[in-house]
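Subject: A structure for you to look at

Hi there,

Here is the structure I promised to pass along.

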Amino acid sequence: MATQCVTKVELTVSCANLLDMDVTSKSDPLCVLHMSTSGNQWFEIDRTERVMNCLNPKFAKKFVIDYHFELVQKLKFGIYDIDNKTIDLTDDDFLGELECTLGQVVSSGKLTRPLLKKKRPAGKGTITVSAEEIKDNRVVNFEAEARKLDNKDFFGKSDPYLEFYKQTETGWQLAHRTEVVKNNLNPTWRPFKIPLQSLCGGDMEKPIKVECYDYDNDGSHDLIGIFETNMTRLQQASRASPAEFDCINAKKKQKKKNYKNSGVVSVKHCQVVKEYTFLDYIMGGCQINFTVGVDFTGSNGDPKDPNSLHFISPNGVNEYLSAIWSVGLVVQDYDSDKLFPAFGFGAQIPPHWQVSHEFPLNFNPSNPFCAGVEGLVEAYRMCLPQVKLYGPTNFAPIIRHVSQFAHQALQQNTASQYYVLLIITDGVITDMDQTRAAIVAASHLPMSIIIVGVGGADFTDMEILDGDDGRLKSPSGEPAVRDIVQFVPYRKFQNAPKEGLAQCVLAEVPGQVVTFFNTLKLSPLNSSTPVDATVGTTN
């Protein structure tokens, strides 16, 4: 498979003087990046984290995008005040946006512009975007804790977190922010990783600044202390002999004669590892196995009725077929045999007219495969007049079905197989608890689930399954080990170019593949370098 040679670019975003839309506190901003390469059709690339109660946010999460020199890649950075848990931004306050091209950002290195609302300045708000080419795909795995941190809270103890900064020509740039450990002066943070390029540009001697703060809900986080170090020093850390650093608070040091420190941060583990890319795994021989599940429940409407979602128009299309075509055409390039299992659910099927939640569209249980996207479309067309639409809408059986194959692939302990299940549905799930449990179980497997919602139903439940808004949990409380579900409402792309839906629904799959195989420390099939091939000192 020929791959274009493109450069990956990392974008870092910060804002200043944002509009304050909250009455009793400050705005809670988040940045959304959209891109357009043709016409005026915008596609969401990614979102930063939300920064609570802050009008001058520095976003820790970076945007990583492919830079094509030969394309005009229009970018739109939208800043929103997020006050709810929905993924939809239409119910959030808009704080302003910047439209520019990736070429402008790349050529500037660092671009600061006013934020605009309806083409006019959004108060005094500004946005700064910094660009850096990613030439190094190593990451640094950290384990850190602290002891005897200063107590900044009157009631209870400090709620500490760390911020790591990279030194640049124009000052310090935020590279990573840890989670907050509540009410603890001797915190242990969860293991975390920082791309080596984001931390020090691959220069092991370049200064790294670490700031320790006490988190406050109102955004007025108190500085506990600061220290500077570099990767050479950090890599000497081991669990037996941690690298220890005094947190120094300059103001406190000036006031107190016998000041020693405001606590000690202890790095127990600092290891540089190579992180493989999606292309490394694909070019190494990993097969993407694509399975389709089609919703044949009664709520779709009688297929003979022009208002039905299953009604095939005179020019031979409906929303189900469009979703199969657009996603299938992209995925089939990554599957060497191009044989796709396809199932229906929620219909009464011949000959006994019992409801089935996983029947092959070709009615051949021993060989449910369709040859290419054309075969999928043909099987759907042939199946439609032979079944009776019924219900309920149960997702769990088909998720468990694909999970069985993903589980078998897992036993091989190689990066050779990955499964993608595309479910096309018109709405509300009946077996929500069983579906949540099935997804949490599948999060341990080489598997991703894409849900395309057709029609105009309420898709709130689907957004719960898409773990973008926090970790999905099973009914028993077990969290998913990673986010494997991507939900997209089809109608959002109804008038977009046909590539639009596929770009959006498949956007998260490469990252999910990489995360899975890296977590299991599985190298690409044809690679002689192990995932944890450590560069530099290790322990």
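A disulfide, as I use the word here, is a pair of cysteine sulfur atoms within 2.5 Å. By that rule the count in this structure is zero. (Buried means under 20% relative accessible area, exposed over 50%, and partly exposed in between, with a 1.4 Å probe and protein chains only.)

Before going on, a word on the source. This is a predicted model, in which local features need pLDDT of at least 70 and side-chain atom pairs count only at pLDDT 80 or more, while totals for chains, interfaces and linings use all residues. Residues are numbered from 1 along each chain as its sequence is written, and side-chain values use heavy atoms, with hydrogens and water left out.

Now to a pair of helices. Helices (DSSP runs of H or I, at least four residues) and strands (runs of E, at least two) are numbered from the N terminus. Helix 6 (residues 319-331) packs with helix 7 (residues 372-383) at an angle of about 160 degrees, their axes 9 Å apart. The axes are lines fitted to C-alpha atoms over the stretch in contact, and angles run from 0 to 180 degrees between N-to-C directions. Helix 6 and helix 7 are therefore roughly antiparallel, a label for angles over 145 degrees, whereas under 35 counts as roughly parallel, 65 to 115 as roughly perpendicular and the rest as oblique.

Which residues meet there? From helix 6 come Y320, L321, I324, W325, G328 and L329, and from helix 7 V373, E374, L376, V377, Y380 and R381. The residues of this contact (heavy atoms within 4.5 Å) divide into nine nonpolar, one polar and two charged. In that count Ala, Val, Leu, Ile, Met, Phe, Trp, Tyr, Cys and Pro are nonpolar, Asp, Glu, Lys and Arg are charged, and the others, Gly among them, are polar.

The backbone has some spots worth a look. P350 and P351 are joined by a cis peptide bond with omega about 5 degrees, and P351 sits in the loop between strand 19 (347-349) and strand 20 (354-356). Another cis bond runs from G391 to P392, with omega near 0 degrees; P392 is in the loop between strand 23 (388-389) and helix 8 (396-411).

I349 belongs to strand 19 and is buried, with a relative accessible area of 18%. Leaving out residues up to four places away in sequence, I349 touches Q354, S356, F359, F363 and V387. From I349 to A379 there are 30 residues in sequence and 15 Å in space, C-alpha to C-alpha.

K118 is not a glycine, yet its phi is positive, about 50 degrees. K118 lies in the loop between strand 7 (110-117) and strand 8 (120-133), and K118 is exposed, at 80% relative accessible area. K521, not a glycine either, has a positive phi of about 60 degrees and is placed in the segment after helix 12 (509-519). In helix 12 itself, V509, Q512, V513, V514, F516, F517 and N518 are buried.

Best wishes
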